[in-house]
Amino acid sequence: MASTGVFGTGGAAKANSVICGALAASFSIIAIWEVTRGLRWLNTVIGCWLLIAVFGFDYERSGMVSGFVAGLLMIAMSLVRGTVKQRTGGGWKALLPHT
């Protein structure tokens, strides 16, 4: 999100960076908890989008490099798995009676 101000990117590229940055930050914060850890995969999707978007929008050279690196880092960080300390919920097994 900050790269648009630093590198002077405007237009659709700026809107794309701001929206992707806000979504990535939100999903990252939500995915901190073990129950919602699966949301980290949405950051993988956003990272892939950033890799593609730098070629489709009117990014300047420095903004293009920044967006590409940010996309790669988001993908790499979303693939890191943490240790599961406790299991929560029971899914369908908890709702269905035992037979």
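The chain contains five helices and zero strands. Read from the N terminus, its elements follow the order α-α-α-α-α. Confidence in the prediction averages a pLDDT of 81 over the chain, with 81% of the residues at 70 or more. Among the elements, the lowest mean pLDDT, 67, falls to helix α1 (residues 3-7), whereas the highest, 90, belongs to α3.

Of the 99 residues in the chain, 28% are buried. The accessible surface amounts to about 6900 Å². Carbon and sulfur atoms account for 70% of that surface.

The largest pocket has a volume of about 460 Å³. Its lining comprises 27 residues, and those closest to the pocket centre are Ala-24, Ser-28, Asn-43, Met-74 and Met-77. Three elements, α2 (11-30), α3 (40-56) and α4 (61-78), each supply two or more residues to this lining. The greatest contribution is that of α4, which provides eight residues. By residue class, the lining of the largest pocket consists of 14 nonpolar, ten polar and three charged residues. Helix α3, one of the elements that line the pocket, is also the element with the highest mean pLDDT.

The loop between α2 and α3 includes Ala-31. The relative accessibility of Ala-31 is 12%, and this residue is therefore classed as buried, the cut-off being under 20%. When residues up to four places away in sequence are set aside, Ala-31 is in contact with Thr-36, Arg-37, Leu-39 and Arg-40. Trp-41 lies ten residues from Ala-31 along the chain, and the C-alpha atoms of these two residues are 9.3 Å apart.

In summary, the predicted model is built from five helices without strands. Helices α2, α3 and α4 each give two or more residues to the lining of the largest pocket, in which nonpolar residues number 14. In the loop that links α2 and α3, Ala-31 is buried and touches residues including Thr-36 and Arg-40.

Definitions and conventions. Residues are numbered from 1 along each chain as its sequence is written. This is a predicted model: local features need pLDDT of at least 70, side-chain atom pairs count only at pLDDT 80 or more; totals for chains, interfaces and linings use all residues. Side-chain values use heavy atoms; hydrogens and water are left out. Helices (H or I, at least four residues) and strands (E, at least two) are DSSP runs, numbered from the N terminus. Buried means under 20% relative accessible area, exposed over 50%, partly exposed in between (1.4 Å probe, protein chains only). Accessible areas come from the Shrake-Rupley method with a 1.4 Å probe; for residues, only the protein chains shown count as cover. On a 1 Å grid over the protein atoms alone, a cavity is a set of points where a 1.4 Å probe fits but cannot get out, and a pocket is an open set with protein on both sides within 12 Å along at least five of seven lines; lining residues have an atom within 4 Å of a point. Grid points are joined across faces, edges and corners, and a volume is the space filled by probe spheres set on the points. Ala, Val, Leu, Ile, Met, Phe, Trp, Tyr, Cys and Pro count as nonpolar, Asp, Glu, Lys and Arg as charged, and the others, Gly among them, as polar. pLDDT is the predictor's confidence in each residue, from 0 to 100. Contact means heavy atoms within 4.5 Å.
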